[in-house]
Amino acid sequence: MPRPKSERVNLITLGVENLAASREFYGRLGWVPEEDLPEVTFYRMRGCMLGLFGNEALAKDQGRPGAPLGTGAITLAQNFSSEQEVDKAYDAALAAGASPLKAPEKVFWGGYSGYFSDPDGHVWELAFNPFWPLDDDGFLTEPADNSEND
């Protein structure tokens with residue numbers, strides 16, 4: 001059975017307290033804005049976009065002016081092809097100003113992962129998952145036995 005077209009994410013938007021500081025942080029990670037507007041910045045992420053939006057402006061855009069926007073309730077994750085790549089990415093994030101949450105280590109599910117947060121407390125996981133192979137561009141590949149269902 002084909003997957004529904006609604007089963008996707010095209011844009012992830014993070015509310016940030018200080019847009020300039022967040023732009024600087026992601027810039028130190030090597031990210032280059034696709035579009036940089038006064039109240040929002042967009043980064044192209046291979047198949048989707050990541051937006052950084054000032055908290056006040058985001059709440060207003062959502063139709064909830066003045067609403068308090070929280071952070072840390074979700075985790076954004078990047079998978080890598082090896083434990084060494086996870087360690088390198090974790091070290092780069094800390095060098096860019098991330099706050100360490102959990103240093104990379106072997107985990108109960110058979111992989112290797114660690115966590116950091118950006119300057120606004122948004123949590124990122126960096127992981128090597130031996131059960132989720134990546135293609136040469138870093139995309140998750142579909143398991144071979146499910147390819148007939150797509």
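## Salt bridges and exposure

Asp36 counts as partly exposed, at 45% relative accessibility, where buried means under 20% relative accessible area, exposed over 50% and partly exposed in between, with a 1.4 Å probe and protein chains only. The model is predicted, so that local features need pLDDT of at least 70 and side-chain atom pairs count only at pLDDT 80 or more, while totals for chains, interfaces and linings use all residues. Residues are numbered from 1 along each chain as its sequence is written, and side-chain values use heavy atoms, with hydrogens and water left out.

The structure holds 4 salt bridges, each being a side-chain nitrogen of Lys or Arg within 4 Å of a carboxyl oxygen of Asp or Glu. In one of them the side chain of Asp36 meets that of Arg23 at 2.8 Å, N to O. Because Arg23 lies in helix H1 (residues 19-28) and Asp36 in strand E2 (residues 35-36), this pair ties together parts that are 13 residues apart in sequence; helices (H or I, at least four residues) and strands (E, at least two) are DSSP runs, numbered from the N terminus. Arg23 is partly exposed, with a relative accessible area of 23%.

## Two further pairs

Arg44 and Glu34 also meet through their side chains in a salt bridge, at 3.3 Å from N to O, and this pair links distant parts of the chain, with Arg44 in strand E3 (residues 40-44) and Glu34 in the loop between H1 and E2, 10 residues apart. Arg44 counts as exposed at 56% relative accessibility, whereas Glu34, at 46%, counts as partly exposed.

Glu105 forms a salt bridge with Lys102, with 3.9 Å between the closest N and O atoms. Glu105 is partly exposed at a relative accessible area of 40%, and Lys102 is partly exposed at 26%.

## The sheet and its helix

An open sheet of 4 strands runs in the order E5-E8-E7-E6 with mixed pairing, two strands being paired if DSSP finds at least two bridges between them. Its edge strands, E5 (75-80) and E6 (99-106), each pair on one side only, and the twist averages 15° from one strand to the next. Helix H3 (residues 83-96) packs on the sheet and touches E5, E6, E7 and E8 (123-128), its direction making about 170° with that of E6; contact means heavy atoms within 4.5 Å, and axes are lines fitted to C-alpha atoms, for helices over the stretch in contact, with angles from 0 to 180 degrees between N-to-C directions.

E6 and E7 (residues 112-117) pair in the antiparallel sense over 5 bridges, and Tyr112 in E7 is the bridge partner of Lys106.
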